[in-house]
Amino acid sequence: MTLRARIRVQHPLSLPIETPRLVLRDFRKADFEAVHAYASLEEVARFMIWGPNTPAQSRAAIDGFIEDQRAKPRIVFDLAITLKPKKRVIGGAGLRITDWESRTGDLGYVLHPDYWGHGLAEEAARALLDAGFTDLGLRRIVASCDQRNRASARVMEKLGMRREGAFRQSRLIQDHWRDEYLYAILAEEFLD
Ligand SMILES: CC(C)(COP(=O)(O)OP(=O)(O)OC[C@H]1O[C@@H](n2cnc3c(N)ncnc32)[C@H](O)[C@@H]1OP(=O)(O)O)[C@@H](O)C(=O)NCCC(=O)NCCS
């Protein structure tokens with residue numbers, strides 16, 4: 001049985017998600033320029049499993065996000081991070097249900113470098129963790145990063161996530177084997 005077919009009891013994620021400085025909402029086709037502005041950058045893609053994107057790859061990514069929005073039940077929530085007050089798209093944050101029986105999800109985030117260093121990734125990710133635990137009813141949310149990605153590891157630590165593993169050469173990306181950290185947090189730890 002597919003993951004989708006096994007998900008019967010699922011509360012929808014309430015969108016948009018608002019935080020003091022941000023609004024997280026579904027991506028639209030019109031977000032192409034804003035998405036490509038960060039997804040095409042070498043410094044953004046350095047530790048990612050994708051990119052730097054060509055325009056066609058950024059368009060395909062948005063098409064994929066829109067396809068995921070239509071799935072019933074929906075298991076992938078890749079959201080645009082927009083900055084108040086103009087609600088300009090400055091990045092993306094994603095939560096994906098990876099194992100419904102174990103109520104487990106996977107978290108990720110990316111921001112345009114113009115907005116790094118202000119706690120915005122932490123703010124977006126914290127809101128997604130909250131939505132994952134309270135709306136979706138997840139029990140455990142994990143996130144992983146390249147071991148050299150100090151900023152991402154720090155974001156996870158600020159969120160109260162625990163480093164549960166350090167994997168050697170766990171991913172092959174563009175002919176290079178990557179070492180990764182796995183972080184996780186439980187609903188009871190986050191909501192405490
Ligand atoms: C990872 C990323 C989303 C962080 O965004 P951000 O808004 O700058 O994150 P925050 O401001 O919430 O927190 C970053 C933390 O990392 C720290 N940091 C940044 N660069 C660092 C470095 N090279 N070494 C150590 N710490 C670093 C910052 O000081 C900050 O910690 P602090 O609040 O204790 O000072 C952003 O760098 C990014 O988009 N990178 C490219 C995409 C990516 O790698 N995504 C994660 C994939 S796993």
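Strands β7 and β8 run antiparallel and are joined by 8 bridges, where strands are DSSP runs of E with at least two residues, helices are runs of H or I with at least four, and both are numbered from the N terminus. The two strands form a hairpin with 2 residues between them, and Gln174 in the turn has a positive phi of about 45 degrees. Across this pairing, Arg163 stands opposite Tyr183 in β8. This is a predicted model, in which local features need pLDDT of at least 70 and side-chain atom pairs count only at pLDDT 80 or more, while totals for chains, interfaces and linings use all residues. Residues are numbered from 1 along each chain as its sequence is written.

Strand β8 (residues 176-186) also pairs with β6 (residues 140-146), in the antiparallel sense and over 7 bridges; two strands count as paired if DSSP finds at least two bridges between them. Here the bridge partner of Val142 is Ala184 in β8, and Asp146 stands opposite Glu180. These strands belong to an open sheet of 8 strands with mixed pairing, in the order β1-β2-β3-β4-β5-β6-β8-β7. Its edge strands, β1 (17-18) and β7 (162-173), each pair on one side only.

From the sheet we can turn to the helices. In helix α2 (residues 32-39), the buried residues are Val35, His36, Tyr38 and Ala39, a residue being buried if 20 or more other C-beta atoms, placed from the backbone, lie within 10 Å of its own. These residues lie on the same side of α2 because they cover an arc of only 170 degrees around the axis, the arc being that of the directions from the helix axis to the C-beta atoms. They pack against α3 (42-45), α4 (55-70), β4 (88-99) and β5.

Of the 22 residues around the ligand, Ala121, Glu122, Arg150, Ala151 and Arg154 come nearest, where a residue counts as near if its C-beta atom, placed from the backbone, lies within 6 Å. The largest share of this shell, 6 residues, comes from α6.

Key. Buried ≥ 20, exposed ≤ 12 C-beta atoms within 10 Å, placed from the backbone. Contact = placed C-beta atoms within 7 Å.
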